[in-house]
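Student: Hi! Could you walk me through this model?
Tutor: Happy to, let's have a look together.

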Amino acid sequence: MKPSRCADADNEALIIERAAKGDAQSFAELYDAHVNRIYRYIFYRVSDVGTAEDLTQEVFLKGWRSLHRFKKTGSPFVAWLMTIAHNLVIDHYRSQKHRPTLLDETTPADPSTSPHQMAESKWNQQKLKEGVGKLKPEQQQVIMMRFIEGFDYVEVAAALGKSEGAIRVIQHRALKELKEILSKEMG
């Protein structure tokens, strides 16, 4: 995979500026730099490839249409896109009238894994999924953004409109609660 031209913040700021003035090629660079992250975030929330693809396209369409409103505030551009993605996922579930599934089994099994190990892994994964599903929605989102997407505290804070300290507290409480849930389930 080739490195993104948006790799550093200063370069990305120039690309955003050009894109905000209507330069489609610059927006395409932003798209290329962030589409995989946005797609993964949405996919883990909706667990359906088609829906995830549609919502990802909608994120970038909304981003393109409202790029002139993006303000450089020190938070990363991807956090702004994540906020759009989060809102679209919420809207999707409101219109569908059902609850999102989290952490679906998307990792293919290693062919050298024994059937016993595969069954145990699947069972553990299911228990983790159920445990995360019992957390408060805000805690679920922080856990997913931090541990599934690999966002740092600054990015999560910007996406959720909270301070870094608040994100650390939410994560700490979520992990503590998840540990208690899993202890009861497995133990």
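Student: Where is Ser-47 found?
Tutor: Ser-47 sits in the loop between α2 and α3; helices here are DSSP runs of H or I with at least four residues, strands are runs of E with at least two, and both are numbered from the N terminus. Its phi is near 55 degrees, a positive value in a residue other than glycine.

Student: And what sort of model is this?
Tutor: The model is predicted, so local features need pLDDT of at least 70 and side-chain atom pairs count only at pLDDT 80 or more, while totals for chains, interfaces and linings use all residues. Residues are numbered from 1 along each chain as its sequence is written, and side-chain values use heavy atoms, with hydrogens and water left out.

Student: How many aromatic pairs are there?
Tutor: The count comes to 8 aromatic pairs. Rings of Phe, Tyr and Trp (its six-membered ring) pair if their centres lie within 6.5 Å; planes under 30 degrees apart are stacked, over 60 edge-to-face, and the rest tilted. One of the pairs is Tyr-31 with Phe-60, which is edge-to-face at 4.7 Å centre to centre with 65 degrees between the planes.

Student: Which parts does the pair of Tyr-31 and Phe-60 tie together?
Tutor: Tyr-31 lies in helix α2 (residues 24-46) and Phe-60 in helix α3 (residues 49-66), so the pair joins parts that are 29 residues apart in sequence. Ring pairs also link Phe-27, Tyr-31, Phe-60 and Trp-64 into a cluster.

Student: Is Phe-60 buried or exposed?
Tutor: Phe-60 is buried, with a relative accessible area of 3%, whereas Tyr-31 is partly exposed at 32%. Buried means under 20% relative accessible area, exposed over 50%, and partly exposed in between (1.4 Å probe, protein chains only).

Student: What about Tyr-39 and Phe-43?
Tutor: That aromatic pair is stacked, 6.0 Å centre to centre and 20 degrees between the planes. Both residues lie in helix α2, 4 residues apart, about one turn of the helix. An α-helix has 3.6 residues a turn, so residues three or four places apart point the same way. Tyr-39 is partly exposed at 24% relative accessibility, and Phe-43 is buried at 15%.

Student: Switching topic: which residues touch the most other members of the largest nonpolar core?
Tutor: Of its 38 residues, those are Ile-38, Ile-42, Val-59, Leu-67, Phe-77, Met-145 and Ile-167. Such a core is a set of buried Ala, Val, Leu, Ile, Met, Phe, Trp, Tyr and Cys residues joined through side-chain atoms within 4.5 Å.

Student: Which helix gives the most to this core?
Tutor: That is α4, with 11 residues.

Student: What is Val-59 in contact with?
Tutor: Leaving aside neighbours within four places in sequence, Val-59 is in contact (heavy atoms within 4.5 Å) with Ile-38, Ile-42, Leu-81, Ile-84, Ala-85 and Leu-88.

Student: Now α8: what does its buried side pack against?
Tutor: The buried residues of α8 pack against α5 (115-133), α6 (137-148) and α7 (153-160). Among them are Ile-167, Ile-170 and Gln-171.

Student: Which residue lies over the face of Phe-151?
Tutor: Arg-37 does, at 3.9 Å from the ring centre. A charge sits over a ring if NZ of Lys or CZ of Arg is within 6 Å of the ring centre and within 35 degrees of the ring normal. Arg-146 likewise lies over the face of Tyr-153, at 3.9 Å from the ring centre.
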